[in-house]
Amino acid sequence: TNVVPLVTVNTVKLIRIRIEALLQGLSISVRRLGTRAEGRRLQEAILAHLETGREPVVVLDLNGLEMMNSSFADEVIATPLQRILNGEHGERYFVVDTPTREVGEDIQRPLEKRDLSLMCFQGFPDGEWWVAGVDRPVFRPLLELLMKHGSLETGAVAGLFGDTSVQNYSNRLTELGRRGLIRRAKEFGATGGQTYTNMSLLEAAK
């Protein structure tokens, strides 16, 4: 039988946790997962990896699943994401890699109920991506810009949009950072003033 690797660490900045391997390790063979109890068993295994590693970007690989209901997704995805955003595992960022858009849509409801947002890829890092859970019209243009450039200061972001109101973009980027959709790092500019560098999660994973 083929053994699916449980964890793949591509660099010191990225860890990929494979749901299919966790299922094998827990002797759960069901691909259409639907119970909260199954979700809690997988949640414990996911949290154990978060506690032992310190890679900034954690990719939860859902390849191998056909569907999951909201109770399962709440335990396996929404709860670990909430704990990461609460700072329980240091500076970490949670990303989901899904085999199909349909599986990714199973995540939507539990994230919305908790007021959470998540970067979801159909083939990380080069595949189609979207924001699962809470989304806003301003999110995608900013995320696309940062994915194109990798990392930009807030003033540069405003400038590329042709807007002189840096504060508007600072507020929007702050929300993206609070939701774990980008990495924001405080820095000091050449004249001594405080600024932020805004980094896409793709850049943070390199």
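Reader: Where is the place of Thr154?

Author: Keep in mind that this is a predicted model. The helix to look at covers residues 154-160. Thr154 sits in helix α7.

Reader: Does Thr154 count as buried or exposed, and at what relative accessibility?

Author: The cut-off for buried is under 20% relative accessible area. Thr154 falls under that cut-off, so Thr154 counts as buried, at 5%.

Reader: Which residue's side chain has a polar contact with the side chain of Thr154?

Author: Leaving out residues up to four places away in sequence, Thr154 touches several residues, including Val166, Tyr169, Leu173 and Tyr196. Its side chain also makes a polar contact of 3.2 Å. The partner in that polar contact is Arg184.

Reader: How do α6 and α8 pack, roughly parallel or roughly perpendicular?

Author: Helix α6 spans residues 139-149 and helix α8 spans residues 166-178, with axes 11 Å apart. Their packing angle is about 85°, and 65 to 115 degrees counts as roughly perpendicular. The two helices are therefore roughly perpendicular.

Reader: How many nonpolar residues are in the contact of α6 with α8?

Author: From α6 come Phe139, Leu142, Leu143 and Leu146, and they meet Tyr169, Arg172, Leu173, Glu175 and Leu176 in α8. The contact has no polar residues and 2 charged ones. The nonpolar count is 7.

Definitions and conventions
Residues are numbered from 1 along each chain as its sequence is written. This is a predicted model: local features need pLDDT of at least 70, side-chain atom pairs count only at pLDDT 80 or more; totals for chains, interfaces and linings use all residues. Side-chain values use heavy atoms; hydrogens and water are left out. Axes are lines fitted to C-alpha atoms, for helices over the stretch in contact, and angles run from 0 to 180 degrees between N-to-C directions. Helices (H or I, at least four residues) and strands (E, at least two) are DSSP runs, numbered from the N terminus. Angles under 35 degrees count as roughly parallel, over 145 as roughly antiparallel, 65 to 115 as roughly perpendicular and the rest as oblique. Contact means heavy atoms within 4.5 Å. Ala, Val, Leu, Ile, Met, Phe, Trp, Tyr, Cys and Pro count as nonpolar, Asp, Glu, Lys and Arg as charged, and the others, Gly among them, as polar. Buried means under 20% relative accessible area, exposed over 50%, partly exposed in between (1.4 Å probe, protein chains only). A polar contact is a pair of N or O atoms within 3.5 Å; within protein, one must be able to donate a hydrogen and the other to accept it, and residues adjacent in sequence count only if both atoms are side-chain atoms.
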